[in-house]
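Hi everyone, thanks for coming. Let me put the structure up on the screen, and then we'll walk through it together.

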Protein chains: 2
Amino acid sequence: MEYTTDYLAGLIETGLKELKYPNEAPHLFDPIRYTLEGGGKRLRPCLLLAAYSALSHSDCTEVLPQALAVEMFHNFTLLHDDVMDRADIRRGRPTVHRRWNDNAAILSGDAMLTRSVQLLAECRPDVLPDILDIFNTTAMEIYEGQQLDMEFERRSDVTVQEYLEMIRLKTSVLLACACAIGARMAGASDEVRHHFYEYGVALGLAFQLRDDWLDTYGDPAVFGKAIGGDILNRKKTWLLITGLQESDGELASILDEDLSDDVLIAQVRGVYDSLSLGERCGALAARYSAKAIESLDKIEMDTRAYEFFRSLALSAASRNH
Amino acid sequence: MEYTTDYLAGLIETGLKELKYPNEAPHLFDPIRYTLEGGGKRLRPCLLLAAYSALSHSDCTEVLPQALAVEMFHNFTLLHDDVMDRADIRRGRPTVHRRWNDNAAILSGDAMLTRSVQLLAECRPDVLPDILDIFNTTAMEIYEGQQLDMEFERRSDVTVQEYLEMIRLKTSVLLACACAIGARMAGASDEVRHHFYEYGVALGLAFQLRDDWLDTYGDPAVFGKAIGGDILNRKKTWLLITGLQESDGELASILDEDLSDDVLIAQVRGVYDSLSLGERCGALAARYSAKAIESLDKIEMDTRAYEFFRSLALSAASRNH
């Protein structure tokens, strides 16, 4: 087993391409193929494959269907979220509801969710109840996270604590779920599964906080998209929520003004900088990255596997794209 | 065990009311409760409970979670279909996307789908792989049916054969799935499961054809909604498709004209009557009802259970609401 994201993501790409779909209504599946061809890091399924290998010392292709299930589920949530958020672009291409329409996005998304459960069930019957339970609990948490995220848009009193809980639900638990399913399928103890789950939660928080940071402080040439989108959308990120709390009304009044995009971004960044929010957001991401490694340290595995998970945690908080 | 729809539907109503949901984002679950409180015949879960009891001679509450799963799934499909079809009213109340908004309907629907899989999984581990397989295969077929239904709206060359296949997918297979899951959980042989499945398919076709008939020929006071909705929406029902094929262009030109609602309904019914489509549609529904009973006759069960399933099949093709 090669513990590199290139190798593992390659398995996922091939697996996704080889998936079969029913054929009574072929157009139902066009948006699914389109979505899955869109790339992405394939982080979640890689975590599942690597966790399984690290604990079972077996070939990770044995859990490929479950890894594909997690990736399918993740892409389903992106597809439906893009409809709800009226997002036009995803990974540099038109979103499904733009390329087709809302109905295609809703119905194909539903089919992806069911297809993900089908893939998950391609396993030994004795592990099925457990992994289905982890998967379904996680799915419900992710919907709750999306619900809170939408509610936050209409609220001006969101606290940092609430925000961290929302991103834990919306983002982290699926990474944790991927780790936990890999561990469960490898026959790990409840304790090891717990530590792997906690690793995934902390990794996800580091990842999301770095994402917030990159959207304001990233290098557009490396980040791959324009900087300041979150500011223009008044998105309630860690930076905005903390800025609103600590700037004594200054940030709130800037956001209320009718400013050009460039001026708005510059003025908001000015407030952020005066409060050192960039550094503090980076430090918080690094703290979650360290927490992920603490959980990792409690699990016995060989050096190559350990290094794989450790470097993922480090890069989550330091990556530039 | 009492083999009456009143008794069985009562179990379902109580079961639905007692369902638990997570509590991190309570508003996510308001539309789910609202939808499930909306009533309906609870036909699918009643079939599951009755099939289980008929074959196992055990108390049907043992399979209540699976019956609730099927009802939850059915209501999820209605919720998402109503968004796609822009329907304003369902069971006499505003649809979820009208009462809340599209996003609430999409996200709550997703949560209902996952909740239905959770309920399904509340069973003995040895039957889980089989019933999950039946359930997921059925779900995919239902999405395919909805996809075809939407595609038919934009097509003028839909054949009766295609229409029957579409309603088999969109409506019948879930009734069949409910019967098959009940049978599987009772430990029935593959053969008995097959006959019960075929019973459900034929029952569903009889039911849907009678629905098409009622929308044009029903008594509004008994049917509970206005007559002619399908005609006004140019919905491709068995009546319309057959009328288009056999009226030598007459029906097509009526549909093209700019007529008042009442005149349009009267003229279309005139064409239907000249071709005896009402009688023929009724006869076709009765044929499927008889086919359901043929499948039923191949399954051994006591008289009370048999009479329950038989009277359902008869009423599917003769009901007035």
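How many salt bridges does a search of the whole structure find over all chains? The search finds 40, where a salt bridge is a side-chain nitrogen of Lys or Arg within 4 Å of a carboxyl oxygen of Asp or Glu.

Before the examples, a word on what you're looking at. This is a predicted model, in which local features need pLDDT of at least 70 and side-chain atom pairs count only at pLDDT 80 or more, while totals for chains, interfaces and linings use all residues. Residues are numbered from 1 along each chain as its sequence is written, chains are lettered from A and ligands numbered from 1 in the order in which they are written, and side-chain values use heavy atoms, with hydrogens and water left out.

Let's begin in chain A. The side chains of Arg42(A) and Glu71(A) form a salt bridge, 2.7 Å from N to O. Arg42(A) sits in the loop between α2 (30–36) and α3 (43–56), and Glu71(A) in helix α4 (residues 64–84), so this pair ties together parts that are 29 residues apart in sequence. Helices here are DSSP runs (H or I, at least four residues), numbered from the N terminus. Both Arg42(A) and Glu71(A) are buried; that means under 20% relative accessible area, with exposed being over 50% and partly exposed in between (1.4 Å probe, protein chains only).

Next, Lys170(A) pairs with Asp81(A), the closest N and O atoms being 3.9 Å apart. Lys170(A) is in helix α8 (residues 160–185) and Asp81(A) is in α4, so that bridge ties together parts 89 residues apart in sequence. Is Asp81(A) buried or exposed? Asp81(A) is buried, at 11% relative accessible area, whereas Lys170(A) is partly exposed at 22%. These two also belong to a network of salt bridges with Asp149(A) and Lys235(A).

Over in chain B, Asp130(B) and Arg184(B) meet in a salt bridge at 2.6 Å, N to O. The pair links helix α7 of chain B to helix α8 of chain B, across 54 residues. Asp130(B) is partly exposed at 29%, and Arg184(B) counts as buried at 16%.

Now, where do the two chains meet? 40 residues of chain B are in contact with 40 residues of chain A, contact meaning heavy atoms within 4.5 Å. The size of an interface is often given as the accessible area lost when the parts come together. Here the buried area is about 3600 Å², with carbon and sulfur atoms giving 69%; this is the accessible area (1.4 Å probe) that two parts lose on being put together, summed over both.

Two salt bridges are counted between chain B and chain A. One of them joins Glu24(A) and Arg168(B), at 3.3 Å from N to O. On the side of chain B that touches chain A, α4 (64–84), α6 (102–120), α7 (128–153) and α8 (160–185) of chain B each supply at least two residues. Which helix gives the most? That is α7(B), with 14 residues.

One last stop, α6(B): 17 of its 19 residues are buried. And back in chain A, Phe309(A) lies in helix α16 (residues 303–318) and is buried, with a relative accessible area of 0%.
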